[in-house]
Amino acid sequence: MGRRKITAAVLIIILLISLTACGGGSEEPLTIRFRKSGVRAYRYSVLPDGTFKKKRMTLEYEDLGTERTQKSLASDDSVTTLKKWYYDDTGEHLLKEVSLEQYQLTESVEYDLQGRKIAHRLKNDMKIKAALIKFDFPDEYGDFLPEAVYKPDYLYRDDPATEMVTEYTYEGNTDRIKTIRTVTDLGCVIGSLECGEGDIVLSCHMIGYDYYISEPREYQETYDALTGQSQWTLYRDAELLSHGVRTYDDRGRCVSTETFDTEKNRTWRETYQYGDDGSYEQREEHMTARGEYLPTEIKQFDSKGKCISKKTYDYTSDPDMDTDEWILYRSKSYEYEYYDNGEVSRVSTKIYDGQGELTGENKRTYDARGRLTSDVTVSDGIMTQSDTMEIISVPGVAGDVMHQTCVKYNSREETYEREELYRLLLPDPNQPWEQLWMTYSLYDSTGIYSDSYHAEFDEQGRMQRIERKSYQSTKFFEYDEQGRLTRAGTIHNQLGSETGTLYEYWEEE
C-alpha cells in the first residue's frame, strides 16, 4: 500500500472515532467565546504645585460580545445618556439598539438578521411635558409621500399616549418595504402604509401634528386600480390644505404627481420619463401665476438607479413689479460618477447666474472606500482653493498616513496660503472605541514645520504623544503601546495647571 493510501486510511479512522465520540451524531450548539473589554473615562486636574486630583467618571463603554453599552455621566454621577446595542450569538448581526437621553424620548430600533429595520419605538420614559417634546414619525414614511407634502409629527398636545411603535414588513427577502404601521400605547393606529407593485402606494394614512405651528394634520392616500391613479389629501383640522393625484403606468411605475391648492389650481408637479434600459428622468416643476411651469429640479438616473446628474433652479420675485411672477437668479448642475462597488468617485458642481453665465465650479474626487481625495473650487474662472488628500507611508511612522495639502489662491492664481497636514487614524477622544484622523504635523506656506504641532513616536513608529500649542494653552493626547488613548488634556500655560481626561481599559477572556 502506498504512503498516500495509508495516510487516507488513517484520516478516515480518525474521522470515524471523532463522529463516535460525538454521541452518535447528536450535535451540541457551538459556543463562541468573546473577549470582553471596556473603557472608562475620568476627569482629572493638576494644580500649579503639581498636586494630582482624579475626579468623577464621565464616560463608560463595555463590549461583551453580544451586548455593548455606552454611558455618559453628569457631575452628580447621574446618567445623562445611555446607549445599548444587542447582537446575535455571533456578535456580528445587530438586532436592537436603544438610546436614552435626559429630557429626550427613549428610542429603540430592532433589526432582523438581514439588517432590515423591523420595529421602531419612541417612549416618554422621562415624563416630559407634551408641550416640550414631539414624537416624530419614522423617516421611512417620508420616502413614500409626495414631494409637496411634509411628514407630520405626532402626538397631539392633549393626547395622553406616551409611546408610539412602528413595525415594518418587507417583500420576501428583499429590502423593499411592503407595509408600515404605527400605533400608540393606547391602541390608536396613527400611521399606516401599504405598497403595491413597482412604485404604487396602495394606501397611506397619517394622523399627525405640526409641532412648530401647533396645528393638527391628517394625510390620506388611496389607489384605484381601475384608473391607475391614487388620490391624496392633506387636512389641517377639517380644512383642506392641498390635494393631488399620482399616476402610474401598467408596470407600476409612477409617471406623474400633481398638487392642487384648495381652489383646485395646479401648483406643482413631478414627472418621470423612462428609458428602455431602465434609466429615467425625474422633473419637479412649480406653476407660475400665468399658468406656466418653472423647473425647480431635474435628475437623471442610470439603469442601476444611480443619480448621474442633477440640476436645481432658484427663483426670486421681481422687486420692481407688483406681481407673483418669479425670475431665475441662480441655477446649479451636478454630475456624478461611480466605482463598480457603487461608491461615488467624482462629483462636479457648476453654478450659474440668472443669465446662464458660469460663476463658480467645484470638483470633488473620492477613493473606492468613500474617502475624499481632492476638492477644487473655481470662482469666475479662477481657481480659489485646492485640497488634495492621499494615503502615504512616512519613515519612522507606523501605519497609513493621511497627507493633505491645502492651497488658497488670489485673483491672479498665485499661491498666498499653503498648508500641509499629516494625520494618523487614532482613537476619538469623545468615543475612544472609535477612530478618526488626528493631525500630528503641519507645514506652513513657507514649507517650514510649524511648532504648533509636536508628535512623539516610539522605536516601532507608534504614536506616543501629540501636542497642539497656542499662546495660552497646550492640548495633548497620549497613547499606549496598543495604540489606545490613555490621556487627553490641556496645559494652561499662564496658570501652570492642567485639566483633562484619563482613560482606563479592562479586558478579560
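## A tour of salt bridges and pockets

Select Arg487 and Glu498: they form a salt bridge, with the closest N and O atoms 2.9 Å apart. A salt bridge here is a side-chain nitrogen of Lys or Arg within 4 Å of a carboxyl oxygen of Asp or Glu. This is a predicted model, where local features need pLDDT of at least 70, side-chain atom pairs count only at pLDDT 80 or more, and totals for chains, interfaces and linings use all residues. Residues are numbered from 1 along each chain as its sequence is written, and side-chain values use heavy atoms, with hydrogens and water left out.

Arg487 sits in strand E33 (residues 485-492) and Glu498 in strand E34, so the pair links distant parts of the chain, 11 residues apart. Strands (E, at least two residues) are DSSP runs, numbered from the N terminus.

Is Glu498 buried or exposed? Glu498 counts as buried, because its relative accessibility is 13%. Arg487, at 21%, counts as partly exposed. The cut-offs: buried is under 20% relative accessible area, exposed is over 50%, and partly exposed is in between (1.4 Å probe, protein chains only).

Next, select Arg269, Glu281, Arg283 and Glu285. Salt bridges that share partners join Arg269, Glu281, Arg283 and Glu285 into one network.

Move to Glu478 and Arg465. Their side chains meet in a salt bridge (2.4 Å, N to O). Glu478 lies in strand E32 (residues 473-479) and Arg465 in strand E31 (residues 463-469), so this pair ties together parts 13 residues apart in sequence.

Then pick Asp249 and Arg253, another salt bridge, at 2.8 Å, N to O.

Now the pockets. A pocket is an open set of points on a 1 Å grid over the protein atoms alone, where a 1.4 Å probe fits, with protein on both sides within 12 Å along at least five of seven lines; lining residues have an atom within 4 Å of a point. A volume is the space filled by probe spheres set on the points, which are joined across faces, edges and corners.

The largest pocket holds about 820 Å³ of space. Select Asp143, Phe144, Asp199, Tyr272 and Tyr280: of its 25 lining residues, these are the closest to its centre. Strand E18 gives the largest share of this lining, 3 residues.

Last stop: the second largest pocket, about 450 Å³. Select Ser37, Tyr61, Pro432, Trp433 and Glu434, the closest to its centre among 22 lining residues. Strand E29 gives the most to this lining, with 5 residues.

Note on methods
Helices (H or I, at least four residues) and strands (E, at least two) are DSSP runs, numbered from the N terminus.
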